[in-house]
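Hi everyone, thanks for making time this morning. I'd like to walk you through one model, so please have a look at the screen.

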Amino acid sequence: MTQFNAQRAVARIISAIFSPPLAAGGVSILLISRIPAPSNHRIWWLGICLIFATCLPLLYVGFLVARRKVDGFYIAARSRRLIPLLVGSTSCFAGFILLRASGAPPPLSAFLLSYVVLGLLAAAANTRWKISLHGAGAFGPLAMLHHLIGPSVLYWLPVPLAVSWARMVLGAHSLPEVVAGCGTGFLVVWVVVALYLAT
């Protein structure tokens with residue numbers, strides 16, 4: 001295997017592991033693990049997050065793939081991204097409502113709400129530009145972790161940087177598209193969570 005092929009193989013693995021819905025699920029697990037609450041409450045909240053932020057968006061894209069409406073789970077064609085983004089945002093909003101109704105801690109509800117806003121902004125940007133959703137999905141959690149653990153979140157920086165590298169190695173995005181996605185993901189999640197926790 002040549003070095004180029006090896007890099008692409010690693011990039012594919014990174015892209016699969018850190019796809020936006022899976023990243024959202026991973027951060028939800030991390031958030032809930034830090035919540036001092038009865039285990040039955042934490043299991044309920046985790047179920048909501050995993051169903052509405054991870055499973056339903058992935059199932060919808062899987063349905064589109066099966067119907068050959070899109071070319072794969074990453075949806076390379078910009079023109080095909082709008083509806084999946086809106087479905088993902090709607091699903092996260094339903095999860096946010098359920099978290100609020102069940103008395104979930106504010107950081108958890110804020111995280112799902114930030115993904116609603118991020119999905120809608122990505123959908124709006126998508127009408128003109130194909131920003132990196134992987135970049136947004138990697139740097140958004142970094143902003144959430146910044147609220148939780150402060151500046152030491154920089155130790156996690158290699159993860160979203162690796163995701164950004166992977167998307168460019170695979171030729172999925174140009175550098176400006178990756179930078180736009182990363183910046184949008186970080187800023188939107190940071191601002192939405194900060195505003196939500198301040199209320």
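A word on ground rules. This is a predicted model, so local features need pLDDT of at least 70 and side-chain atom pairs count only at pLDDT 80 or more, while totals for chains, interfaces and linings use all residues. Residues are numbered from 1 along each chain as its sequence is written, and side-chain values use heavy atoms, with hydrogens and water left out.

So, how many helices and strands are there in the chain? There are 8 helices and 0 strands, where helices (H or I, at least four residues) and strands (E, at least two) are DSSP runs, numbered from the N terminus. Reading along the sequence, you get the pattern α-α-α-α-α-α-α-α. The radius of gyration is 16 Å, close to the 16 Å from the globule rule for 199 residues, so the chain is as compact as a globular protein of that length. That radius is taken over C-alpha atoms, and the rule is 2.2 Å times the number of residues to the power 0.38. Along its principal axes, the C-alpha trace spans about 50 × 40 × 30 Å.

Now, the packing. Of the 199 residues, 44% count as buried. Buried means under 20% relative accessible area, exposed over 50%, and partly exposed in between, with a 1.4 Å probe and protein chains only. Among contacts with a separation of 6 or more, 73% are between residues 24 or more positions apart; contact here means heavy atoms within 4.5 Å. The chain exposes about 10,100 Å², and carbon and sulfur atoms supply 72% of that. Those areas come from the Shrake-Rupley method with a 1.4 Å probe, and for residues only the protein chains shown count as cover.

On to the pockets. Rolling a probe the size of a water molecule over the atoms shows where empty space is left. We work on a 1 Å grid over the protein atoms alone: a pocket is an open set of points with protein on both sides within 12 Å along at least five of seven lines, whereas a cavity is a set of points where a 1.4 Å probe fits but cannot get out, and lining residues have an atom within 4 Å of a point. Grid points are joined across faces, edges and corners, and a volume is the space filled by probe spheres set on the points.

The largest pocket has a volume of about 600 Å³. Its lining has 28 residues, with Pro20, Pro21, Pro57, Leu85 and Leu133 nearest the centre. The elements giving two or more residues to that lining are helix 2 (20-33), helix 3 (39-66), helix 4 (82-101), helix 5 (106-126) and helix 6 (133-149). Which helix gives the largest share of the lining? That is helix 4, with 5 residues. By type, the lining divides into 19 nonpolar, 7 polar and 2 charged residues. Here Ala, Val, Leu, Ile, Met, Phe, Trp, Tyr, Cys and Pro count as nonpolar, Asp, Glu, Lys and Arg as charged, and the others, Gly among them, as polar.

The second largest pocket has a volume of about 290 Å³. It is lined by 16 residues, and Phe18, Ala23, Val27, Pro141 and Val159 are the closest to its centre. Helix 2, helix 6 and helix 7 (158-169) each give two or more residues to this lining, which divides into 14 nonpolar, 2 polar and no charged.

Last stop, some single residues. Beyond four places in sequence, Ser15 touches Tyr74, His134, Ala166, Arg167 and Leu170.

Leu58 sits in helix 3 and is partly exposed at 26% relative accessible area. Leaving aside neighbours within four places, Leu58 contacts Pro21, Leu22 and Phe73.

Finally, Arg68 lies in the loop between helix 3 and helix 4 and counts as exposed, at 78% relative accessibility. Phi of Arg68 is near 60°, a positive value in a residue other than glycine. For context, most residues other than glycine have a negative phi.
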